[in-house]
Amino acid sequence: MKICVINPGVVHAVPRTLSLRSSFEEMVYVDMKGADDRRLLEDHGIAYHRFEAGGYRLPSIALQGLLRRISPSGIICHFASGPHLFHSLVYNKCPVAIIAMGQDVLYESGDARVGEMLRFMRRMALRRADFVSAKSNYLAARIAEYGRTKPTEVNYWGMDLTVFRPGESARSRDRLGLPQGVPIVLSARAVEPRLNITLIVEAFAGILRDHPDAMLVILGRSRDDYRREVMTRIADAGITDRVRMCGELDRDSLIAYYHASDIVVSMARSEGFPNTVLEAMACEKPVIVGRIPQVTELLRDGYNARICAISPTGVREALTGLLVDPARCMQFGRNARNTVSEVADITRNGARFAEAFGGIIEAQKTRRRSAVTAMPFSLAYLGYLVLSRLSRLRSH
């Protein structure tokens, strides 16, 4: 059984792929952005392809050609939107699984908003996929609202718990050049508007009156315009010397920052379920998370997390309460580790996903896939491509 995994640029696609490796005889990984760790994948016996459109005017021609050359038994698409998924369904020669993330499904407001035609394509794709995995019950319920009648697996995925584990704070601070004996607050999310990094900056500025030596560390990839806005807010608040912005890091450096921090904060207003929060919990760090329905599936305020209003006041009060109570922080951390051990072990969750999708592939081996059944989606996607092309031409 040969499985083709296609990643359009999802950060956690590689560890998820590695968690599936032992369940399939052969795996091929298609990297649409050319940003993933080829050596790591190949060391685990996974064939790597960096997708390049070459000289084609339409990259779709090259992608269809690549799928024909790979000739997979099944395709796994990270993110429930984009050419990689739409072409996998048009290919129509094997079952297709989708790992739904969050903004590929929750696209109706704010900076996640997309146009009507792309919404229509996403909904069609979710309805037609042979298998869908969602990162929370909330996300699975939204997918059902879009007309999917087949079951949707809820899978929090998580991380390798032998790698993301408690560590020594002092040693990590020395390695990272962070001061000892001062409170360190960590934001490990991407620097994007929906993740409310400016709100975290404002809340942090408010706690410096009582904790003047505290530091805020901001990690993650960034959107340039929003990064500039965050830096302006930091400068206007006069706290430049108390904030460190580090950008996107490798896994080992990320873990070191988890170990070095005292509290991890996430204030997303929309997502599937935050994997970075699960990572921090695996490292036994207390987390402060904004109150949205998804997080209450696993997090309980006052037990394994502090859940607060998504506002500067809410974050400031939550930070203040934890900074003055180290014993409570330690208890939160221990409870958090127990929670992720139960539901966010990527090895166990990957095996469960592989068993379910492998069963679908086996069940469909003797069934010829109908071109007529696939035709409505193929025609809709062709119309979407034509309209997108015309829109780009008009904008020029």
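Colleague: What lies over the face of Y91?

Modeller: K93 does, at 5.3 Å from the ring centre. Keep in mind that this is a predicted model.

Colleague: And which ring does the charged end of R300 sit over?

Modeller: The ring of Y303, 4.2 Å from its centre.

Colleague: Staying with rings, how many aromatic pairs does the structure hold?

Modeller: There are 12 aromatic pairs in the structure. One of them is F86 with Y384, with ring centres 6.3 Å apart and planes at 80°. The cut-off for edge-to-face is over 60 degrees, so F86 and Y384 count as edge-to-face.

Colleague: Where in the chain do F86 and Y384 come from?

Modeller: F86 is in helix 4, residues 83–91, and Y384 is in helix 15, residues 371–395. The two are 298 residues apart, and the pair links distant parts of the chain.

Colleague: Buried or exposed, those two?

Modeller: Both F86 and Y384 are buried. Y384 has a relative accessibility of 18%, and the limit for buried is under 20%.

Colleague: What about Y381 and Y384, how are those rings arranged?

Modeller: Their planes are at 20° with the centres 6.2 Å apart, so Y381 and Y384 are stacked. They are three residues apart in helix 15, which means about one helical turn separates them. Y381 is buried as well, at 4% relative accessible area.

Colleague: Which residues do the ring pairs link into a cluster?

Modeller: F86, F377, Y381 and Y384.

Colleague: Changing topic. What order do the seven strands of the open sheet take?

Modeller: The order is 3-2-1-4-5-6-7, with parallel pairing. Strand 3 (47–50) and strand 7 (152–154) are at the edges; each has a single partner strand, so one side of each has no neighbour in the sheet. On average, neighbouring strands are turned by 20° against each other, direction ignored.

Colleague: What packs on the sheet?

Modeller: Helix 1, residues 13–20, packs on it and touches strand 1 (2–7), strand 2 (26–31), strand 4 and strand 5. The direction of helix 1 makes about 170° with that of strand 2.

Colleague: How many bridges do strand 4 and strand 5 pair over?

Modeller: Four, in the parallel sense, between residues 74–78 of strand 4 and residues 96–100 of strand 5. I75, for one, has V96 in strand 5 as its bridge partner.

Colleague: Now the inside. Which residues touch the most other members in the largest nonpolar core?

Modeller: I75, L85, Y258, L278 and L299, out of 80 residues in that core. Helix 10, residues 251–260, gives the most to this core, with six residues.

Colleague: What does L299 touch?

Modeller: Leaving out residues up to four places away in sequence, L299 touches F273, V277, M281, V289, N304, A305 and I307. There is also a second, separate core of 33 residues, and I200, L208, M267 and L322 are among them.

Colleague: V289 is on that contact list. Which way does V289 point from strand 12?

Modeller: V289 points the same way as V287, while I288 and G290 point the other way, and all are buried. Strand 12 (residues 287–290) runs parallel to strand 11 (residues 263–266), and three bridges join the two. V289 is the bridge partner of S266.

Definitions and conventions: Residues are numbered from 1 along each chain as its sequence is written. This is a predicted model: local features need pLDDT of at least 70, side-chain atom pairs count only at pLDDT 80 or more; totals for chains, interfaces and linings use all residues. Side-chain values use heavy atoms; hydrogens and water are left out. Two strands pair if DSSP finds at least two bridges between them. Axes are lines fitted to C-alpha atoms, for helices over the stretch in contact, and angles run from 0 to 180 degrees between N-to-C directions. Contact means heavy atoms within 4.5 Å. A nonpolar core is a set of buried Ala, Val, Leu, Ile, Met, Phe, Trp, Tyr and Cys residues joined through side-chain atoms within 4.5 Å. Buried means under 20% relative accessible area, exposed over 50%, partly exposed in between (1.4 Å probe, protein chains only). Rings of Phe, Tyr and Trp (its six-membered ring) pair if their centres lie within 6.5 Å; planes under 30 degrees apart count as stacked, over 60 as edge-to-face and the rest as tilted. A charge sits over a ring if NZ of Lys or CZ of Arg is within 6 Å of the ring centre and within 35 degrees of the ring normal.
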